[in-house]
Structure formats: structure tokens, C-alpha cells
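Q: I would like to learn how to read a protein model. Could we take a few features in turn?

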Amino acid sequence: MVARWSPLLKSDDRRALVFLTGRRDGLLARLMEQFLSAFPNGHLVNVPSGLRAYEEAVHQLQGTRGELALDLESARYVLNFGCNLLEGWGAPVGVMRAFSRWRDSSEGLRSKLVHIAPRLSVTGAKADEWVPLRPGTEGILALGIAYALIAENLYDREFVEQNALGFDDWTDSSGKTVPGFRTQILRHFRLGEVAGQTGVPAETILRLAREFAANRPALALGDSSSSFQPGTLTGSMAVHCLNVLMGSAGTLVGESPSSEAYQQIGSAPRRKERGAEAHPRSSPGDLWQAVQEGHPYRVESLLLCEANPSVQFPGGSQWTAALARVPFVVACTSFFDETAAIADLVLPAPHFLEAWDEAPAPPGSPVPVESLVQPAVAPQEGVRHPGDVLLTLAKTLGGNLQDLFPDADFAALVAAQSKALLEQKRGYVFAGTLESAWYRLLQHTGWWAPTYASAEELWEQMRAQGGWWDPSPASVARAPGLSGSQKFQFLPPGMPDWPSQVRSVGSLREDSGSSAQYPLVLEPFELLPLLGGAGAEAPSLSQSLGQYLGEGWQTWAEIHPETANRFGLHDQQWAWLESPHGRIRVKVRIRAGLHPEVIAVPIGLGRTHGTEWIKGRGANPADLLTPASETSSPWPRWWGERVRILAA
Amino acid sequence: MARWGMVIDLAKCTACQTCVLACQAENNIPVATPGQSDQGRAIQWIRILPLPEGENAHARLRLLPVPCLHCDEPPCIKVCPVDATNITPEGTVRQIFARCIGCRYCTTACPYTVRKFNWSEPRWEEPWEEMLNPDVSIRPKGVVEKCTLCHHRLQLAREQAQAEGRTIREGDYVPACVESCPTEAMVFGDLDDPESRVTQLTRSARAFRLLEELGTRPKVLYLSEGEWSGKRA
């Protein structure tokens, strides 16, 4: 690695070193970021979080770049546009606990969860109401509900007047009247038209709008996303506008103080906030272009760490084939998976039960959290944490890198987090329910009474209790998004006509062939047992994949009874599912809980490498997609692929 | 003497299957191979039962976690020819593996289909055997097994209470499924204690028993999902 990476440190070398990782935040991500900052052409690429589009929508409309925070528990009414909330979305355990609170009628009013999606997922099954709609029309329906809120004067006028710009028409410098959000919505999203496009009856749209307005605080989430499938930007903007109309933006949806401890690693500058990284990050779309066309950078070497593009990116095997052409590929992995198969060098990484590590709060967490990962079993011989690999390389490569990092191993950096947390003068060590409630109360009344006085005490308590958190739910309410002179912009300057683009989101991929040739729309979905594709390594999880259908170990395709009839298919038979980009073999499962235009296939199986439990089992729906990104955003596009199904 | 029982609140259950996995790890239940799964021979002491209903926009899917319901009138014990299954004074329907002759009358008699027959020798690949729970015996090929309400945990809790010179308190003894539930949808305790939370929940208007008309009187009860009314409870 030293021999291959040393030349890339020279300022006149235009070849790039790229790290592709599933770590978006936390110590290891920062270490990678700062390591790459020493290279003139170093690029960090993340597997995007499923909340990435929603977060970007909030940033676009609120003009800020902070960390997305959602106060789900306080919501009394939730319009969920296709997010698989109970299947690994956001902070999974936090979301489940919020769901439990919504259903806790002992505290008064039960909250309502409405799941709006083409497929009756587990989230849809557990929701109070499932509203099926045509695939790809979630954003249109959101603006249809906005129409009803505006037309019936149900929105929070005071909030909008005080905190938002671009709602009413205005006159530009040339004296021309520019239509505001209200005019655009009232003109283009009449209920009859929206009902025609989405397949949701106008009376249902009107009822949802009235319920949404009458049960505050109300929250709108979406559009369609899961643990690593971001939705669309314009669809998410349409959904977030509902939060602004209800006055929930800045309270239920806001930005929290970062969960990261901002520990300074060596002489590298501290990151101030997410979105203003010490080193700018590249996107999967850029990486795909780079390996295909040598533009915007030419990839000389690639490090894969906790990322498996064959499962986590549309295009699946096309990604691994393309990345295999990179001159020098290194894989840090705990299993001999697809990344190891294409690597020139495999560095066995410890399992999380074998190593010291740190886990920051997942995206959308309402409170800052620093969880401590501690070794529970002795590591297998020959494994080394990717952080230690980088620290050793920094010393050996010399130059700027040697100055950048202290003489320490990764476990020492994890332990040093306690010092950085102490400096923040806030938060508490994890505690039981009663103590946590007490800490929340203290926080609300302006007190901070930590159980530790020094970094050493904090470290010992974190080891005993598992981590640190800032219990103040008010961190969402205090969000800077709408404070001071900053205002919510319905029509941000960079995207003044985005509502009209929402209409085009509903149209499906133009490169997917005609609807006559490929009459169905593919809905790849994630299952909780295979969270992020990683769970397939655990056989007990593969066994329990689709208990709602009695399925496991293999890939099935869910299809509506009418559609099955139309194609002469019967339940449990094998079939070929084809797109213009590939085909996979699937077991047909007929389900009533599905829009007839949709065919739904779980992601996570169809692995070509791995243990005997997963290798060669099932099929990978990512192979039916193209690796190209959505035109208007840099993250992978899972939605909208046209397919056909034929008996095998 | 306590009479142990459980309430599962379906409004709070997210069908996440954490209970299924916790039970599997706690009770040394081997993973079935894909071939065994295809033959319907996978063993789970608690499973998620899907109940689909309706069509198109009215389609619904109800998901029920179903362990052994530990009936007060269990049909399974009446058909066992060798007394390999019986009911303890505390109401737990137990299975005595050493006595079981594998006739499977009990699996047929159980209306909830929660009893599982071991069609093959249990197998754990190296190093998985290191994670086996030493408090739970491994069942051999040819016997029937099922949920024991983590009876070994009761023994440990009882020993602990005796050492401290007291009786078992609420919360001392909790099965693995209940302990692991992230939404606290499962509540366990003494059904004969009028003050216990589980007893109070059984008095809810939402409480029901599975196939109540059979007269098996299960000690695992459910709270129905209920409906959103928009009004204060």
C-alpha cells in the first residue's frame, strides 16, 4: 500500500485515491477524511443514507447545512410518504420507540400514522391507514394535500407569514409579477388532477389534509426512502412544505447540535458542522463517472470499507465489474464478500464484537449520541481495524501525513473521545429510564449535573453504561433553521420552479424502454433482517427474511392478483423478472397489498461471494437497475425502473 | 404461588422479530438449513403469524407474535402417552425432553401449532457452539420442543431471591423475548397478582385470547391494535 499510495501524495500527480465507505459520520469517517486531505486527489465517497434526499430538501428549503433531527415522538399525526419506518429507516430503535409512544394511549391521545405507498410493507401493515398510490407520485400527492390545506385555509397562516418567504406572489426588479408557492400550487395541483395522476381519490386527499391540519403537531415524512435508498429531492421538498404549512418545520423537523465530539485528530482542522467538512466528499455518481470515463478524476487506487456496492448501489454487479478495473483495490472487510473478490489486497477487519469503536447517532436522531463499541470476544488472528491500518500508513507514508496524526492507535483515539465530550460541557452518560427522565427535566430547567468530573471518570462510566448522549429533546426545537433573519424559502433561489419538476418525477425512466414492452414498475425494498445488506451474513436473519409470507433464503417477487392473472402466473411458481439492464429469477408471491402496476422484490440476497449460508442464494434486484444517478441529485436512483415478468 | 402469563400489545408490536431472534439465541435453537426450511422443519419457539385480509386499497396485514400460549386447559398434555408434557403448579406447560418418544400427538393436538419436532440432530458450526447458553439443554433428534417461558431464568431468579431471603419480585423473572422487545409491547408477570402490570392489562377492553372458543384458556393474551379515533383516550 505504501508503494502504491506514496506517488499519489505528490502535488503534480493527477491520479486519485478514493475511499468508498458506509461510515458517514464518526471517528473513522473523520480519520478517513483527514487522511485523504493529505492527497491532492483524495476523495471520500459514502454509501448515502436513506434520509439523504429528505435532509437535502430541508437544507434547500431552510437554507442551512446542519444535521437533520426529527422529533418523531411528539408528532400526533404522521403522513408518511413511503418511508419504511419500521424496516431500518433512520435510527431504527429510536423510530420503533417513537412508534410505541404513538400507540401509548395511556398518555392521552393516540397518534395516527398514515402510510402512503404503492406497497403494503410491514410499516404499512402496522400503520393506522394504508393509502396505495401509483408508483413515483408521492410528491404530487404531497402537493395535492398542500392544495387542500391552502384552498381550505387550514394551514398555519401566522407561522407562514412570520417564517417563510415565497408563499405569496411578488414583483421582481423588472416589475414582473412572479407566482409564489400558493399560486403555483392552486394553479397546478387541483384535487381532480392530482387524483388522476396518483390514483388516490380526491375525497381521500381532502380527508387526509383535514386530519393533518386538525391534529397538531403534525409531521410529514418522505418521499420513499429506506435505510440506504434515498427518495427524490423534489418529492422530499414537496413533503417538507407540508411541515412548513403546519408550523412543524423548526420544531418536529430541525437541526441538532452535532453528535460528534469534534475530537481533533493530530494537526488537522476541526470540522465545524456537517456539510462543511474538512475535506469535501465525492458522490457515488461522481465515482461511477470516474471509473467509466476517467472524469471528474482518474481513480488509481480504491479502498473499500464497510461498503458493498454490489448490494448497496443500483447496478449491483456492474459496479463490482467497473471497480475491478481500478489499478489497485484494497478491501477492509470482515467476510470474504464481493469487495474482497475484486480486491488486489484484502485486509481482514475485526467484527464489531471484536474491536473498540465508536458509533454516532444515525441520521434523523433527535438527540446527539455517542455510543461506545467495546470488544466482547477476542479478535481472530490477523485482523486489524481499518483505523489502525490508516494510522500505521500515515506514519509510514511520512510527509504531511506523519504530522497530521498523533502517535496512537485507534482504540486510544476512541478513548480520547471522552476528553472532547467533557469539553462540550453538556450531556450525560447513558442511564435507565428513570434517570434519563430526570436528566431531561434538569436540562429543561437549565441545569447540567454530570455524574463525572474528569475525562477519566467519564470514560469509565461510558465503558460501564455504553455511551453518552445529550438528553435535551429541545435540541430540535432550538433548531437554528428558522431563527433570526433566516427564513424558510418555499421557492429557493436555485430552484424557483421545483414544484413543476415534482410533476415530472412521476414519469418513469425514459431509458427503461416502452411501457408496452416493460409494463410493470420495479419496487426494490429492504427488509429489517438484512439491514443495509449486512444481515445476510447471519443465517438466523436470512432464515427469517419474509415471515409475513413464510419466505426465507430466496428472492421472491410480490405481485398483485390481477397482474398475476394478466401474465398467467400463479403463487409460488418461478419466473424471470427482466429489465433493459438484466434479468433475475424470482419466486412469484401473490399479494393483495400492492398497486397493480408494481412488482416488489427484496434487496440483500443474490450474493456471489460469502459464507456457504449466503453464497448463490436468491437474486439481486440491483442487477435490474442502471448505476446512473438521478439527474437532479448525486445519489443512486432505485426507483422507477420498468420491468416485465415471464414464467420460468 | 405465582401463575405466570404474558400480554402482547399488538398496537405497539412492530413485527421486528427481535423476540424471535432473542428466543433462538437464549434457548439454543439451531438455524435450519434452506433445505430444512423448505420442508417446513425450521424450529422457532415464537414466530410471527401473518393474517392477510381484504383487497386492493382495503388490504390489511395483521402480524401476531405467537409463542406457546401456556394454556390453563392445554390439549397437548392430554394426548401425551408418556407424560412428557404437563403443566407445572405455576401454570407453565413444560416439555420433558428425556421422556418424549417423538410420537407427535401433541403437535397435532395443539391448535396454535407452536410445537416443533426435531427432524435432525442439532448442528452448530465452529465457532458458533461457543455462544450456546449453558443454562439450556440441547434437544436431540426425535423429540418435540417448544417455548418454556425461559424456565431456566425462573430457576435462576428463584435461587437469587432465596439467597437474599425474599420471594420473587415482579421483574426478577422475564423471558428473553419480553426483555428484548424494543417497543415494550410484551409484558410478563404473575396473573394471580391483582397489582401486577400484566394482570391490569388483561382487564383492558382490547384484551383477547387466540381461538378463545376452544376453551383452552391461554395465559398469553393479546391486546388488539385498536383504531385511531382522533379523540382523547
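Q: In which sense do strand 22 of chain A and strand 24 of chain A pair, and over how many bridges?

A: Some conventions come before that. This is a predicted model, in which local features need pLDDT of at least 70 and side-chain atom pairs count only at pLDDT 80 or more, while totals for chains, interfaces and linings use all residues. Residues are numbered from 1 along each chain as its sequence is written, and chains are lettered from A and ligands numbered from 1 in the order in which they are written. Helices (H or I, at least four residues) and strands (E, at least two) are DSSP runs, numbered from the N terminus. Two strands pair if DSSP finds at least two bridges between them. Here strand 22 and strand 24 (residues 582–590) of chain A pair in the parallel sense, over four bridges. A557(A) has V588(A) as its bridge partner in strand 24 of chain A.

Q: How does strand 22 of chain A run relative to strand 25 of chain A?

A: Strand 22 and strand 25 (residues 598–602) of chain A run antiparallel, joined by two bridges. E558(A) has A600(A) as its bridge partner in strand 25 of chain A.

Q: Which way do the residues of strand 22 of chain A point?

A: W556(A) and E558(A) point one way, A557(A) and I559(A) the other way, and all are buried. A residue is buried if 20 or more other C-beta atoms, placed from the backbone, lie within 10 Å of its own.

Q: Which residues of helix 21 of chain A are buried?

A: An α-helix has 3.6 residues a turn, so residues three or four places apart point the same way. In helix 21 (residues 455–465) of chain A, the buried residues are L458(A), W459(A), Q461(A) and M462(A). After helix 21 of chain A comes G466(A), with a positive phi near 105 degrees.

Q: What do the buried residues of helix 21 of chain A pack against?

A: Packing is read from contacts: two residues are in contact if their C-beta atoms, placed from the backbone, lie within 7 Å. The partners in chain A include strand 17 (369–373), helix 18 (410–415) and helix 19 (417–423).

Q: How many residues does each chain bring to the contact between chain A and chain B?

A: Chain A gives 33 residues and chain B gives 32 residues. On the chain A side, helix 4 of chain A supplies the largest share, five residues.

Q: What does the secondary structure of chain B come to?

A: Chain B has seven helices and 10 strands. Of its 233 residues, 39% count as buried.

Conventions. A residue is buried if 20 or more other C-beta atoms lie within 10 Å of its own, exposed if 12 or fewer, and partly exposed in between; C-beta atoms are placed from the backbone.
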